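Please find below a colleague's note on the structure under review.

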Amino acid sequence: MKTEIFDIDGENIDYSLLEKAAEILKRGGLVVFPTETVYGLGAAAACSEAVKNIFKAKGRPSDNPLIVHISDLDMIKELISDEKTLENQDIKKLAQNFWPGPLTIIFRKNNSLCDEVTAGLDTVGIRMPENIVARELIRLTGKGVAAPSANTSGRPSPTEPRHVIEDMYGKVDAIICSGNCAVGVESTVLDMTCDPPVILRPGGVTRESIKELLGKDILMAGVIKNDEGQDFVPKAPGMKYRHYAPRGKVIVFSGEDEKIAEKINKYFSEALNEGKIPRIVASRQTARYYDEKYVTVFGDKECPETFAAGIFSALRECDRYNADIIFAEAVSQEGIGEAVMNRLLKAAGNNIIYV
Ligand code: TXA
Ligand code: MG
């Protein structure tokens, strides 16, 4: 398939290009677009054929539902089962405070929404992204846009244009390139069809900030136990797959900085001796403990958001070095760290060593 590339600057939008992209969506094509979390692989949510093509382009299991993206609250009405849900105080607060932004809310779905989007569930995930190119694209399309992350299923999510080109060139009608994603991990998926609400996937909006806003406990769906998904039946179907993974095996190390470094250096020498290509994923502060040539820095301890912005790009960099074993430092679980650790542990198939 021929893939058109549209370079669009969010600060000075070229509407002639964005109109073209919207036209492609309206006639049932696939368009990759930027959001503040990760790049999304979009199709008109109302067009079941187009939505099926998303699953093909990604190689995604068909039991994993998609998030529908909207550009204003009016678009929600034809997606959810009952408009009155929007009058619920908690929903109102969430929408007012976190939309547009990296929060996906799970609602009961409207029966007119095709089963391909929701993978046959009776609920639908909805999000209004903050990224202006995304929102303008949706507005011009005039209807909800279904979009998963624009990576090949299983690979790290794309946060830079080149990641999208790697995975999607030749598989979609168009790719909108618009710089790097500011948040860098996907949206928080929050199930509001139950009380107390449950976070099905930690993400760009922290559990603490939701708890503070709603003044109630927010549950966290269990963390997957192993690659087979034993001990945990996830409600977000996407959470049961090995995910976000570079080609090499990932091991995460948790503990005090010096002890982690000692352990990683030991494993690293062993790997070199065995003829492997090892790579180390470390913070800006701890990189100096290792042989610099082998280190990918993924963030700065003084600004935890940088780990979110850098995690997927770091995992993809390991692939570019052809690393077959990757030693990654754990980060603090606080705030956005909860989402970063979730992605790291999934990339590692939960392989973590406490030192
Ligand atoms: O930030 C994001 O959320 C990005 C951008 C493009 O918006 N999208 C994204 O989509 O990460 P995806 O498809 O890669 O991940 C969506 C997650 C999956 O784990 C899926 O199972 C879950 O949300 N999900 C979607 N609809 C759901 C539903 N109705 N019930 C439970 N989980 C749902
Ligand atoms: Mg994804």
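The points that follow treat conventions, cores, a helix, selected residues, cysteines, salt bridges and a surface patch.

1. Conventions. This is a predicted model, in which local features need pLDDT of at least 70, side-chain atom pairs count only at pLDDT 80 or more, and totals for chains, interfaces and linings use all residues. Residues are numbered from 1 along each chain as its sequence is written, chains are lettered from A and ligands numbered from 1 in the order in which they are written, and side-chain values use heavy atoms, with hydrogens and water left out.

2. Nonpolar cores. A nonpolar core is a set of buried Ala, Val, Leu, Ile, Met, Phe, Trp, Tyr and Cys residues joined through side-chain atoms within 4.5 Å. Buried means under 20% relative accessible area, exposed means over 50%, and partly exposed lies in between (1.4 Å probe, protein chains only). The largest such core has 68 residues, and Trp99, Phe107, Ile176 and Ile210 have the most contacts inside it. Helix H1 (residues 15–26) supplies the largest share of this core, six residues. A second, separate core of 28 residues includes Val183, Phe312, Val340 and Leu345. Helices (H or I, at least four residues) and strands (E, at least two) are DSSP runs, numbered from the N terminus.

3. Ile176 and Leu94. Contact means heavy atoms within 4.5 Å. With residues up to four places away in sequence not counted, Ile176 touches Phe6, Ile8, Leu18, Ala21, Val31, Val32, Phe33, Pro34, Tyr39, Val133 and Leu137. Leu94 lies in helix H3 (residues 89–98) and is buried, at 0% relative accessibility. Leaving aside neighbours within four places in sequence, the contacts of Leu94 include Trp99, Leu103, Ile105 and Ile210. The C-alpha atoms of Leu94 and Thr104 are separated by 9.9 Å, the two residues being 10 residues apart along the chain.

4. Helix H5. Why is helix H5 described as largely enclosed by the rest of the structure? The description applies because eight of the 10 residues of H5 (residues 132–141) are buried. These are Val133, Ala134, Arg135, Glu136, Leu137, Ile138, Leu140 and Thr141. Their cover includes H1, strand E2 (31–33), strand E4 (67–69), strand E7 (145–146) and E8.

5. Cysteines. How many disulfides does a search of the whole structure find? It finds zero, a disulfide being a pair of cysteine sulfur atoms within 2.5 Å. Cys114 is in no disulfide, and the nearest cysteine sulfur, that of Cys47, is 8.0 Å away. Cys114 is buried, with a relative accessible area of 15%. For Cys177, the closest cysteine sulfur is in Cys181, at 11 Å, which is too far for a bond. Cys177 also counts as buried, at 9% relative accessibility.

6. Salt bridges. The structure holds 27 salt bridges, each defined as a side-chain nitrogen of Lys or Arg within 4 Å of a carboxyl oxygen of Asp or Glu. One of them joins the side chains of Arg108 and Asp122 (3.5 Å, N to O). This pair links distant parts of the chain, 14 residues apart: Arg108 is in strand E5 (residues 103–108) and Asp122 is in the loop between helix H4 (115–118) and strand E6 (123–127). Arg108 is partly exposed at 40% relative accessible area, whereas Asp122 is exposed at 51%.

7. Further ionic pairs. Asp300 forms a salt bridge with Arg284, with the closest N and O atoms 2.8 Å apart. Asp300 lies in the loop between strand E14 (295–299) and helix H9 (305–320), while Arg284 lies in the loop between strand E13 (278–283) and E14, and the two are 16 residues apart. Asp300 is buried, with a relative accessible area of 16%. Salt bridges that share partners also join Arg155, Glu166, Asp167, Arg247, Arg316, Asp319 and Arg320 into one network.

8. Surface patch. Ile5, Ile165 and Tyr169 form a nonpolar patch on the surface, with about 260 Å² of accessible area together. Patches are made of residues with over 30% relative accessible area and no salt bridge; like charges are joined within 9 Å and nonpolar side chains (Val, Leu, Ile, Met, Phe, Trp, Tyr) within 5 Å. Accessible areas come from the Shrake-Rupley method with a 1.4 Å probe, and for residues only the protein chains shown count as cover. Tyr169 lies in the loop between helix H6 (161–168) and strand E8 (174–177) and is partly exposed, at 49% relative accessibility.
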